[in-house]
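Please take a moment to look over the structure shown here, beginning with the small molecule and then turning to the protein around it. The paragraphs that follow lead through it step by step.

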Amino acid sequence: MKSMPKIELHLHLEGAAPPAFIRGLAQEKHMDLSGLFNPDGSYRFTDFWDFLKVYEAATSTLQTPEDYRRLTLAVLEESAANGVVYSETFLSPDFCGGRDVGAWKEYLHAIRDAADQAERQMGITLRGIITCIRHFGPDKARETAVCAAETAGDWITGFGIAGDEKVLQPKDFLWAFDCAREAGLRITAHAGEWGGPESVRAALHDLNPERIGHGVRAIEDLALVDELAERGTVLEVCPGSNVALGIWPTFRAHPIGKLFDRGVKVTVSTDDPPFFHTTMAREYDMLSDAFDWDDSVFATLNRTALDAAFCDTDTRSKIA
Ligand code: HPA
Ligand code: ZN
């Protein structure tokens, strides 16, 4: 499965940082982050909320545009090695310069420099989705949206929301989403990972996103599943992430197959691969084993992802 060309729509840049990379940065900066790691070197966390804490602590080692340039190269190298030819990646002004527009532009410049290098050397294309973080609250999300609007363009193509779905409501972030939409950015929102169908409905009806990050707990309400299918809303499904965090015990128990069979536009991504001990190739292998999916199903999933990608038509035809 490694060699099959893959389109990935849902990857958090910091969440894709290999633990050894973060340990290296911590050492360079004389930070003691040993508590974040298991004895075997992997990230240590107990549940989703602990994962968010470890994620943010690991990210505290990323302090300069140069750190992000190196991170971006390391991440794209790993994605390319797994057959990813196009990666839509969540970028957060919260972590890149503290939502200061000037600093944000410097971080973005460094990330783009690395992405251009990766495209030349490894044939992988990156597009950025600027994401606000729900548990940081609406005020910070406004500043994030301003950063996004200031840098919207051919390379920054979307705006989204991640973080703790159990706090606040999508409608609390309307100003940020309106600002991003007015700047021409396309919209996705995390929902239906830790919140149930009501959380998916709120994101769908209040933010009107083209795509939903996860969205999988819609399966608890078949009327909602049918609504997603009718609207053509694309789900950025991350089965390995959901299994690693214990939402479902196995790939076989994961609802992606049922959602697909009922006509929902599903795609496959990794979310935060080293945290969840996964890669795009592993996701494909596990799905193939769990649902007996052959290459034609994966071709359909990739076609759906390509059609739903937030890039321009020239880029789309180049990667197709
Ligand atoms: N859900 C919400 N926020 C996140 C995630 C996720 O899966 N990964 C990184 N931030
Ligand atoms: Zn995510």
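In this predicted model, an oxygen atom of ligand 1 is 2.6 Å from an N or O atom in the side chain of Asp271. The protein covers 97% of the 260 Å² of accessible area that ligand 1 has on its own, and the space that ligand 1 takes up is the largest cavity.

The side chain of Glu193 has an N or O atom 2.8 Å from a nitrogen atom of ligand 1, while Gly163 takes part through its backbone, where an N or O atom lies 2.9 Å from a nitrogen atom of ligand 1.

Leaving the ligand, we can turn to charged side chains elsewhere in the protein. The structure holds 15 salt bridges, and one of them joins the side chains of Arg69 and Glu66, with a distance of 2.9 Å from N to O. Both Arg69 and Glu66 belong to helix α3 (residues 65–81), where they are three residues apart, which is about one turn of the helix.

Notes:
Residues are numbered from 1 along each chain as its sequence is written. Chains are lettered from A and ligands numbered from 1 in the order in which they are written. This is a predicted model: local features need pLDDT of at least 70, side-chain atom pairs count only at pLDDT 80 or more; totals for chains, interfaces and linings use all residues. Side-chain values use heavy atoms; hydrogens and water are left out. A polar contact is a pair of N or O atoms within 3.5 Å; within protein, one must be able to donate a hydrogen and the other to accept it, and residues adjacent in sequence count only if both atoms are side-chain atoms. Accessible areas come from the Shrake-Rupley method with a 1.4 Å probe; for residues, only the protein chains shown count as cover. On a 1 Å grid over the protein atoms alone, a cavity is a set of points where a 1.4 Å probe fits but cannot get out, and a pocket is an open set with protein on both sides within 12 Å along at least five of seven lines; lining residues have an atom within 4 Å of a point. A molecule sits in a cavity or pocket if more than half of its atoms lie within 2 Å of its grid points. A salt bridge is a side-chain nitrogen of Lys or Arg within 4 Å of a carboxyl oxygen of Asp or Glu. Helices (H or I, at least four residues) and strands (E, at least two) are DSSP runs, numbered from the N terminus.
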